[in-house]
Amino acid sequence: MKSPFDLNQQNTKIESKIVVALERISEAFRVLLWSESKENSLSPIQIQILIFLLFHSEEKCKVSYLAEEFNMTKATVSDSIRVLLKKELVQKFHNPNDTRSYIIGLTEQGKQIAQKSANFTFNIEKPLSSLPEDQKKDILTGLLKVIYQLNKAGVITIQRMCYTCSYYQHENNEHFCNLLQSKLASKELRIDCPEHEFKS
Ligand code: SF4
């Protein structure tokens, strides 16, 4: 198979162009996240952890979960947590359900940085908001399918999306959530659902 970065291949195959376009967008994420990190004298993963802690429930705010979420080793995540503890941006709480692990929560200062940093993607969201609704729906549908396949292939771990949820049903070309007891239009499919339950 030829590389999508081979220009002869790229210019004759739409999949290659999409892969390279996604790579450009991931570069934008990297640049924006890096600039946010520098501003706060933190590393990119430390900023990502703060943002994650801000928006997710307690049972997900543990070293083991964060390691899976960010596709990193527990040791790497623990190192970042150690720095965040030292800077008093996070605090540890006892886990009542498991004495061997602890829950990580934001301090007031950590919350402020997380709230501000959570908007680092503004420059990516802005051009998307000017697209017609149908194009946005098509982009979301395509991306959800790609993410699902990457998850199935083991390239990326935890995904809290409808396609991997035990409440999700797909019948007669319609999406249905058995928890919400409601049909889901394509644009209502979730990528990070707080009620997500992994299929067993
Ligand atoms: S619970 Fe959430 S992730 Fe699961 S099917 Fe319903 S909306 Fe989708």
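The protein chain holds eight helices and five strands, where helices (H or I, at least four residues) and strands (E, at least two) are DSSP runs numbered from the N terminus. This is a predicted model, in which local features need pLDDT of at least 70 and side-chain atom pairs count only at pLDDT 80 or more, while totals for chains, interfaces and linings use all residues. Residues are numbered from 1 along each chain as its sequence is written, and side-chain values use heavy atoms, with hydrogens and water left out.

Read from the N terminus on, the elements run α-α-α-α-α-β-β-α-α-α-β-β-β. The C-alpha atoms fill a box of roughly 50 × 45 × 35 Å, taken along the principal axes. Of the 200 residues of the protein chain, 32% count as buried; buried means under 20% relative accessible area, exposed over 50%, and partly exposed in between, with a 1.4 Å probe and protein chains only.

**The nonpolar cores**

A nonpolar core is a set of buried Ala, Val, Leu, Ile, Met, Phe, Trp, Tyr and Cys residues joined through side-chain atoms within 4.5 Å. The largest such core has 30 residues, and those with the most contacts inside it are Ile49, Leu50 and Leu66. Two or more residues each are given to this core by helix H2 (14–39), H3, H4, H5, strand S2 (102–106) and helix H6 (108–117), and the largest share, eight residues, comes from H3. A second, separate core of 10 residues includes Met161, Tyr163, Cys165 and Cys177.

Contact means heavy atoms within 4.5 Å, and the table leaves out residues up to four places away in sequence.

| Residue | Residues touched |
|---|---|
| Leu66 | Ile49, Phe52, Lys60, Val77, Ile81 and Ile104 |
| Lys60 | Phe52, Tyr65, Leu66, Arg160 and Pro194 |
| Leu54 | Leu106, Lys111, Ala114 and Gln115 |

Lys60 lies in the loop between H3 and H4, and Lys60 is buried, with a relative accessible area of 9%. Leu54, by comparison, has its place in helix H3; Leu54 and Glu133 are 79 residues apart in sequence and 29 Å apart in space, C-alpha to C-alpha.

**How H3 meets H5**

Two packed helices are described by the angle between their axes and the distance between the axes. H3 and H5 pack at an angle of about 80°, with their axes 10 Å apart; the axes are lines fitted to C-alpha atoms, for helices over the stretch in contact, and angles run from 0 to 180 degrees between N-to-C directions. That makes H3 roughly perpendicular to H5, a term that covers angles of 65 to 115 degrees. At this meeting, Ile45, Gln46, Ile49 and Leu50 in H3 face Val77, Ser80, Ile81, Val83 and Leu84 in H5 as contacts.

**Aromatic rings**

The structure holds five aromatic pairs, counted when the ring centres of Phe, Tyr and Trp (its six-membered ring) lie within 6.5 Å, with planes under 30 degrees apart called stacked, over 60 edge-to-face and the rest tilted. One of these pairs, Phe52 and Phe70, is edge-to-face, at 6.0 Å centre to centre and 75° between the planes. Phe52 lies in helix H3 (residues 44–55) and Phe70 in the loop between helix H4 (63–69) and helix H5 (74–86), so the pair ties together parts that are 18 residues apart in sequence. Both Phe52 and Phe70 are buried, and together with Tyr65 they form one aromatic cluster.

Technical notes:
Parallel < 35°, antiparallel > 145°, perpendicular 65-115°, else oblique.
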